[in-house]
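These are my notebook entries on one protein model.

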Amino acid sequence: MPALPDQIIRPEILALSAYHVQPATGMVKLDAMENPYPLPQPLRDEIAGLAADAPLNRYPDGSAAALKTRLREALAIPSDMEVMLGNGSDEIIQTLALAVARPGATVMSVEPAFVMFRMIATFAGMGYAGVPLRADFSLDVEAALAAIARHRPAIVFIAYPNNPTGNLFDADGVSRIIESVPGVVVVDEAYHAFADASFIDRLARHPNLLLMRTLSKLGLAGLRLGLLIGRPEWLNQLEKLRLPYNVGILTQLIVEKVLQHPDVLQEQARLIKQERTLLYGHLAALHGIEVFPTNANFILFRTGREYEAGTVFEQLKRRGILVKNLDGSHPLLKNCLRVTVGTPAENARFLDALRASL
Ligand code: PMP
């Protein structure tokens, strides 16, 4: 008798539920922190030409040298820092976990945080320790230092701004954590374009700091490109775990092309930030809604005692609006929903649907 999958697959994998992606056909999609704007038509035409001429029968450049040069310029990456590319930053989180996954090693983050930190710890056979945020979602530095002393984490992930809460933590508090960790700290700046703050200048100060970015929230989620930035001592080791052709030729060519027009994505990010302020104001003015401050392209809000978040979520869905329901995912997120900032028209439809659902 051949073995059954549940006899072979690790119990902690059997116990996982897969990362849930909601069906979104025909919906106003405000659940996944995507940029709602398409690229301008002339750029799309150029991309069509690039795709038509791309040698798809060949493997892509395994080192993505031209793309990396372009990224260094566009992101002002310090010249003494190395860059590693991933198929989205998700893949980079996994590569990092694999690199440090000795028996008994622990991944640490805050809670609530991006769920993949915990999930990937499990993929890699590692322990996970989550340090609860305070009720206002600020970083509890003292609790983090105590947890570090107890768990001695091999790796700590801190998203800056944090997902799903949207806020930036106190940077000096994060630096204290970096200084006290026996392992490496990854500051995940997925929402950098909307934050006006970065740890990039602190790379020089902290030898155990790595910085992660992604192009997903900036407008290229479909291409899957994430970056890790850090000292060559770290990155040269991590490069050994990167799968040889993890960034496809279309991603390489198209990102290179789009980055030749840096103003396009920057202008879209500026529009999103402008809309964020308006959307925030409208949400804050609604009776029975508590809105949390955000430095990202999404807004977390609580539906309060009068309205169950789950009911509001379902009613929004019935009205064609897809957001993220976080109720039940963490005690601090009781009755919380998360909405991505969309176009002015999408945000107006969301607000109308929300008003009708309360
Ligand atoms: N980090 C954070 C904090 C995120 O919220 C996300 C996406 N939800 C990611 C990383 C992953 O992004 P990607 O794999 O698209 O680069």
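**Entry 1: the second largest pocket**

I began with the second largest pocket, which has a volume of about 510 Å³. The model is predicted: local features need pLDDT of at least 70 and side-chain atom pairs count only at pLDDT 80 or more, while totals for chains, interfaces and linings use all residues. Residues are numbered from 1 along each chain as its sequence is written, and side-chain values use heavy atoms, with hydrogens and water left out.

I noted what a pocket is here: on a 1 Å grid over the protein atoms alone, it is an open set of points where a 1.4 Å probe fits, with protein on both sides within 12 Å along at least five of seven lines. Lining residues have an atom within 4 Å of a point. Grid points are joined across faces, edges and corners, and a volume is the space filled by probe spheres set on the points.

I found 24 residues lining the second largest pocket, and those nearest its centre are Ala-74, His-192, Ala-193, Leu-218 and Gln-266. Strand S7 (209-214), helix H9, helix H11 (249-259) and helix H12 (262-284) each give at least two residues to this lining. Helices (H or I, at least four residues) and strands (E, at least two) are DSSP runs, numbered from the N terminus. Which helix gives the largest share of the lining? It is H12, with six residues.

I sorted this lining by class and got 14 nonpolar, four polar and six charged residues. Ala, Val, Leu, Ile, Met, Phe, Trp, Tyr, Cys and Pro count as nonpolar, Asp, Glu, Lys and Arg as charged, and the others, Gly among them, as polar.

**Entry 2: the largest pocket**

I then read off about 1300 Å³ for the space in the largest pocket. Its lining has 43 residues, and Tyr-19, Phe-114, Val-115, Asn-163 and Lys-324 are the closest to its centre. At least two lining residues come from each of helix H5 (88-100), helix H6 (115-123), helix H9 (216-220) and strand S12 (324-325). By class I have 20 nonpolar, 12 polar and 11 charged residues.

**Entry 3: the sheet of four strands**

I followed S12 into an open sheet of four strands, in the order S9-S10-S13-S12 with antiparallel pairing. Two strands pair if DSSP finds at least two bridges between them. Strand S9 (290-291) and S12 are the edge strands, and each pairs on one side only.

Strand S10 (residues 298-302) meets S13 over five bridges. Among the partners, Phe-301 is bridged to Leu-337 and Leu-300 to Arg-338. S12 is joined to S13 by two bridges, and Lys-324 stands opposite Arg-338.

Is S13 (residues 336-340) mostly covered or mostly open? It is mostly covered, with five of its five residues buried (buried means under 20% relative accessible area, with a 1.4 Å probe and protein chains only). In a regular strand the side chains alternate between the two faces of the sheet. In S13, Cys-336, Arg-338 and Thr-340 point one way, and Leu-337 and Val-339 the other.

H12 lies across S9, S10 and S13, at about 10° to S10. Helix H13 (residues 309-318) touches S12 and S13, and its direction makes about 35° with that of S13. Contact means heavy atoms within 4.5 Å. Axes are lines fitted to C-alpha atoms, for helices over the stretch in contact, and angles run from 0 to 180 degrees between N-to-C directions.

**Entry 4: the sheet of seven strands**

I traced a second open sheet, of seven strands, in the order S2-S8-S7-S6-S5-S3-S4 with mixed pairing. Its edge strands are S2 (82-86) and S4 (127-132).

S8 (residues 226-230) has five of its five residues buried. By contrast, S3 (residues 106-111) and S5 (residues 155-159) run parallel, joined by two bridges.

**Entry 5: helix H11**

Last, I returned to H11. Eight of its 11 residues are buried, so this helix is largely enclosed by the rest of the structure. Ile-249, Gln-252 and Lys-257 are among the buried ones. The buried residues of H11 pack against helix H3 (41-53), helix H4 (65-74), H9 and H12.

Notes
Buried means under 20% relative accessible area, exposed over 50%, partly exposed in between (1.4 Å probe, protein chains only).
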